[in-house]
Amino acid sequence: MFNNLRHNHKFWRYLTNFWAIVVFIGVIYDFFKNNATEGILGPLIAIYIAILAIYASDKEFERWYDNHEGKHPGEIFVAAWTILMLGIIIFDVSFAKPYKIPGEVVSAYIAVLGILAVTKKSEALHKQRKMKK
């Protein structure tokens, strides 16, 4: 059973989506409560980034071994994080809240951008390699 989960691409996608939602709820709640849950955001974000990295890596290995099925663009994650970050900044400034964006949240945004950049480069190299054949 666990061996099948490890190789089930959909499992990692669903798990990544689940943790993304948990983290977003945590960040939004923390914003409205003025850093009341800052201590829990670090572990939540660490779990999310680890699972996202596993999912993206699995997807890229599948691509390079021509087992990749379907399209689930990483730009969706980047767009969602960008909206979240901009929303927090705009609302923070607009309402003069005492909220301070936790470093873990900024780090998560940078990590998501980095993971997308790596997967996009991998995808481009894979397409280039296929065209040469």
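Contacts between residues at least 6 apart in sequence are, for 78% of them, contacts that join residues at least 24 apart. The model is predicted, and it shows a protein with five helices and zero strands, whose elements run α-α-α-α-α from the N terminus on.

**Burial and surface**
- Of the 133 residues of the protein, 36% count as buried.
- The protein exposes about 8,500 Å², of which carbon and sulfur atoms supply 69%.

**Aromatic pairs**
- The structure holds seven aromatic pairs, and one of them joins Phe18 and Trp19, whose ring centres are 5.6 Å apart and whose planes stand at 85°, so that the pair is edge-to-face.
- Within this pair, Phe18 is partly exposed, with a relative accessible area of 47%, whereas Trp19 counts as buried because its relative accessibility is 17% and buried means under 20%.
- Phe91 and Phe95 form a stacked aromatic pair, with 5.9 Å from centre to centre and 5° between the planes.
- Phe91 counts as partly exposed at 43% relative accessibility, while Phe95, at 57% relative accessibility, counts as exposed because the exposed class lies over 50%.
- One aromatic cluster is formed by Phe24, Tyr48 and Trp81.

**Charges over rings**
- Arg13 lies over the face of Tyr14, at 5.3 Å from the ring centre.
- The charged end of Lys97 sits over the ring of Phe31, at 4.8 Å from the centre of that ring.

Conventions. Residues are numbered from 1 along each chain as its sequence is written. This is a predicted model: local features need pLDDT of at least 70, side-chain atom pairs count only at pLDDT 80 or more; totals for chains, interfaces and linings use all residues. Side-chain values use heavy atoms; hydrogens and water are left out. Helices (H or I, at least four residues) and strands (E, at least two) are DSSP runs, numbered from the N terminus. Buried means under 20% relative accessible area, exposed over 50%, partly exposed in between (1.4 Å probe, protein chains only). Contact means heavy atoms within 4.5 Å. Accessible areas come from the Shrake-Rupley method with a 1.4 Å probe; for residues, only the protein chains shown count as cover. Rings of Phe, Tyr and Trp (its six-membered ring) pair if their centres lie within 6.5 Å; planes under 30 degrees apart count as stacked, over 60 as edge-to-face and the rest as tilted. A charge sits over a ring if NZ of Lys or CZ of Arg is within 6 Å of the ring centre and within 35 degrees of the ring normal.
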